[in-house]
Amino acid sequence: DVVVQPWAQNSAAGQRLNFIGIDINDGTKHKVFVASNFAFNTGAPPSAIFVGKYNTVNSANSGTDEGFWDFFPLVYLKLVDNSTNQIFSYSFDGNAYIQILSEIRTTFLTPSNIGIAFTAQSGSRTSGGTVLHWAIS
């Protein structure tokens, strides 16, 4: 069974973490596929789409960045799990998808939960995002 479970990272003081997207996890480790106002590998702007792997909600492990923009238009995130691989793709029109990463399904974790990943910067800025459609098929 797939359990939908919201997830939010606890930002450490001084970090600029604002993202929204898909979270898959095993109850401890998390793999998030998100649109963010920072690049995973630098922790700084410009905005990027990335797959981030976290040992816990407070401990980053590794990540894959894709594209860099000064602002984000509407973005579609698609995660395909075909029981062998996980394929992470994004699109700006919902039709033409660009693959960011494909890896063996059990790389880093064996997923048992899926949900929405969201985090806000600790500090004076606020962040937000809107999920317009959510489907598991």
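**Labels and their cut-offs**

User: Why is K53 called buried?

Analyst: Buried means under 20% relative accessible area, while exposed means over 50% and partly exposed covers what lies in between (1.4 Å probe, protein chains only). K53 has a relative accessibility of 12%, so K53 counts as buried. Please keep in mind that this is a predicted model, in which local features need pLDDT of at least 70 and side-chain atom pairs count only at pLDDT 80 or more, whereas totals for chains, interfaces and linings use all residues. Residues are numbered from 1 along each chain as its sequence is written, and side-chain values use heavy atoms, with hydrogens and water left out.

User: What makes the pair of E103 and K53 a salt bridge?

Analyst: The term asks for a side-chain nitrogen of Lys or Arg within 4 Å of a carboxyl oxygen of Asp or Glu. In this pair the closest N and O atoms are 3.0 Å apart, and E103 and K53 form a salt bridge. E103 lies in strand β8 and K53 in strand β4, so the pair ties together parts that are 50 residues apart in sequence. The side chains of E103 and K53 are also joined by a polar contact of 3.0 Å, a term for a pair of N or O atoms within 3.5 Å in which, within protein, one must be able to donate a hydrogen and the other to accept it, and residues adjacent in sequence count only if both atoms are side-chain atoms.

User: Which residues make up the network of salt bridges that includes E103?

Analyst: The network links K31, K53 and E103. Between K31 and E103 the closest N and O atoms are 2.7 Å apart, and this pair also forms a salt bridge. K31 lies in strand β3 (residues 30-36) and E103 in strand β8, so parts that are 72 residues apart in sequence are tied together. E103 has a relative accessible area of 10% and is therefore buried.

User: How do you know that R105 is partly exposed?

Analyst: The relative accessible area of R105 is 24%, so R105 is partly exposed. Its salt-bridge partner is D81, with 2.8 Å from N to O, and D81 is partly exposed too, because its relative accessibility is 33%.

User: What makes the ten residues around F33 a nonpolar core?

Analyst: Such a core is a set of buried Ala, Val, Leu, Ile, Met, Phe, Trp, Tyr and Cys residues joined through side-chain atoms within 4.5 Å. The largest one consists of I22, I24, F33, I49, V51, F88, Y90, I100, L101 and I114. At least two residues of this core come from each of β2 (19-25), β4 (47-56), β7 (85-91) and β8. A second, separate core has eight residues, among them F19, V34, F40 and Y54.

User: Why is β6, where Y76 is found, called a strand?

Analyst: Strands are DSSP runs of E with at least two residues, and helices are runs of H or I with at least four, numbered from the N terminus. Strand β6 covers residues 76-81 and holds Y76. In total the protein chain has zero helices and nine strands.

User: How much of the protein chain counts as buried?

Analyst: Of its 137 residues, 35% count as buried.
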